[in-house]
Structures are given as C-alpha cells and as structure tokens.
Amino acid sequence: MIDLGPAPFDRGPHVLVEHALRTSADGRVRVVGSHPDLGWQLATWCRVVGHRLEGDVVVRGGDRFARSLVSGHPDAVAANADPRWGLAVRGARVEDGAAELSFALADRDTAWDEDAPRLLAQAQAGQWDPATAVPWDEPFELPEPLEEAVVQVMTYLVENETAALLVPANLVPRLHPHYREVVGFLAVQMADEARHVEVFTRRIGLRGRSPGTSSRGGQASLATLVTERDPDVASFLLSVMGETSFLELLRFLQQHGPDPVTRAICRLAATDEARHVAFAVGRLRRRGDPALLDRLAAAVRAREAALRHTSGLDPHVFDALIVLASPTFDPEGVGVGFERVVELVGRMDRARRAMLVRLGFSPERATELSALHTRNFM
Ligand SMILES: [Fe+2]
Ligand SMILES: [Fe+2]
C-alpha cells in the first residue's frame, strides 16, 4: 500500500506507484491519500498508461515494451546493426514501431574496428587547449621574408586542415550509431582539425599580415578528397596517403619553424595527426580484404588521372618552405634550403610507402602508388 497523504497525484507520485507495481509479486498496489482529486486522477492515469483500477487498487496492465526489440548487447558490438534500433544506446529495449533509421555502414565488417575504444580514449586524453598550450605571447620578431613564408605556409595548412575536417564529417552520418566508438573517434578527429584550423589561422594574423595565396591546383586536389563518396577510399586517401605526408611536413616545420609559436602549433598538430593515421591504417589493415586493396589502388590511379593536368602544390608554398629551411638568406643558404625541401619530399614518399606496405601492398606496388600521390601532399 502507498499512502500519499495530502500530495496531489498529478504532481509526481505516479512514479512511486510504477515502482511499487514493478517490484510487487502480484502486480497489485493499493493507493490511498487525502487529496480530494486523488480518485479521478488515479483513474485517468491508469487508463492512459494501461493499468486497471479495482476500487483503490491499481492492477499492473500490459507492458508497452512487451514486444520491444533489444538493440544488441551493452558490452559487445553486433555483426549487423538493425535500422529499427534507430539512435538507441546498445542494449536498450526499443519500443515496437519506433522510427527506423538506415545507415549505409551498418555492419561490423565495414563500420567497426576493435581498436576504436582504446584509440577514442587516447584521443580524448590527448586534447589540448590552444589558449594555454601555445606560447602566443612569447616575444619574437622575424625578418620580412621569414614572416611572409610562415604566413604562406599557414595559409596552405588551413585549407588542408579544412579538407581533413570535412572528410570525417561526411563519414559520421553514414555510420550506424551502434558502432559509437568509431563515430566518437571521428568526432574527436573533427575537433582536432577544427583546432588546427584555429591555431594556424591565428598564426597567420599574429603579426598583422593578411593570408597568402590559395592555388587552383591545391584546391583541385582537396576537392577530390571532400567529394569522395566511397568511405574506405576517402579515409585511405585522406589519412593514409595525405596525413602521412602531412605529418612529415609538420615535423619539418617543427624543425625549421623560425619562431616559438610556429614550432609549437606544428608539434601539437603532429601528435593529433599521428593518431588519425594510426586509426585509419589499423582499421583498413584489420579488414584483411585483398579486394579492398585493389579498390584503393584503383582510387589512387583515378585520382592521379583526374589531377594530372593541374599544377599540384602552390609554387608559393614550395618557395616558402625553401625560405624556412634556408640557414641564411643568400645564394648559398637558399641552396641548402632547396635541398632540404627535396629531402622532405623524399621522406614523405618513404613514409607513404611504409604505410602502404603495412596495409598489405607489396613493396613494388607501394612504390608505384606512392609516386602517383598528389603533388599537393594532401
Ligand atoms: Fe589536422
Ligand atoms: Fe588529421
């Protein structure tokens, strides 16, 4: 029996009755109280939720969730995620007739990766605050060619980071939320890229300069990434081919950046990029699917054919890298800078080949595919 005293029934006490019904052995609970409206309010409530009222005894009615569907198991991912599970958390009882939502990637083979929970935790722990992690106020003054070169490289980095943000953004709505750690990792990856856009943009204006140039060739290369509809190809071109190359560029800038802000933001971004590469490579590699490798190789060739008549890397970016890597701004110094940029391009190629071999390509095929990669680096 529940005695509500003077409390009005329509202001919350129904949860006490529900709880008592769930825990009572015979599904019957007597409800008494002194509020004048108790009788009719109790009767109305019973009718709405499907219980029966016998005098002042509530008799448990049918469970609306009796014909519910359980959305998998809380601690295990399903081989196939049902569209009828909708947005429910893993292991929820989903009411029969709830709205269905269909997702293109809804099976363990294409949507899941066993390493996703660990990498998601690592990604969340690795978030840094642009306001405190970067020494924005540290005093420095650069000679004009160096400041100009930093601004040009940052201009290029921002547009590449923007493409890197849009690729996972395209993927997320196509993944069944049952595979929530994969969705979560991609969401954190987007937050990483947004942070990179933020700090590189801030460095552009740090000494009052306007941004540099954005070339047709660079934009053409990035457009092929953001419009790619095959989710495996998109993540391969972005994270395995592009971000692996980009990681070498960030390390180069960490080494040759002429000021503490540039060096810090490139170092911080590189730690995030290494995680993005590891996630994509691991995920594609564990699929262990030879047909997938053929599809990825075909995509590299198709992209190369589409970009063959574009200029690739903005020449201003190439020149800015030479300036940054030159020990002195004279004919001998810029000769050293030039050689260092050539070495950087070679290091990018070796890094891509190593990743391609990790994915399962033969060394010969890796060499061929790496050489076809966009001259824009991303
Ligand atoms: Fe990034
Ligand atoms: Fe990235």
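1. The largest cavity in this predicted model is lined by Val167, Pro168, Leu171, Leu186, Gln189, Ser235, Leu238, Ser239, His276, Phe279, Ala280 and Arg283. Two or more of these lining residues come from each of helix H6 (144–171), helix H7 (180–204), helix H9 (231–256) and helix H10 (260–287), and H10 gives the largest share, with four residues. Helices here are DSSP runs of H or I with at least four residues, numbered from the N terminus.

2. A cavity is taken as a set of points, on a 1 Å grid over the protein atoms alone, where a 1.4 Å probe fits but cannot get out, and lining residues have an atom within 4 Å of a point. By this rule there are two cavities of 30 Å³ or more.

3. By class, the lining of the largest cavity holds seven nonpolar, four polar and one charged residues, where Ala, Val, Leu, Ile, Met, Phe, Trp, Tyr, Cys and Pro count as nonpolar, Asp, Glu, Lys and Arg as charged, and the others, Gly among them, as polar.

4. The second largest cavity, of about 60 Å³, has a lining made up of Leu105, Thr110, Leu171, Leu175, Leu186, Pro231, Asp232, Ser235 and Arg283. H9 contributes the most to this lining, with three residues, and the classes are five nonpolar, two polar and two charged.

5. On conventions, residues are numbered from 1 along each chain as its sequence is written, and totals for linings use all residues.

Definitions and conventions
Chains lettered and ligands numbered in written order. Predicted model: local features only at pLDDT ≥ 70, side-chain atom pairs only at ≥ 80, totals over all residues. Heavy atoms only, no water. 1 Å grid on protein atoms, 1.4 Å probe; cavity = no way out; pocket = protein on both sides within 12 Å on 5 of 7 lines; lining within 4 Å. Points joined across faces, edges and corners; volume = space filled by probe spheres on them.
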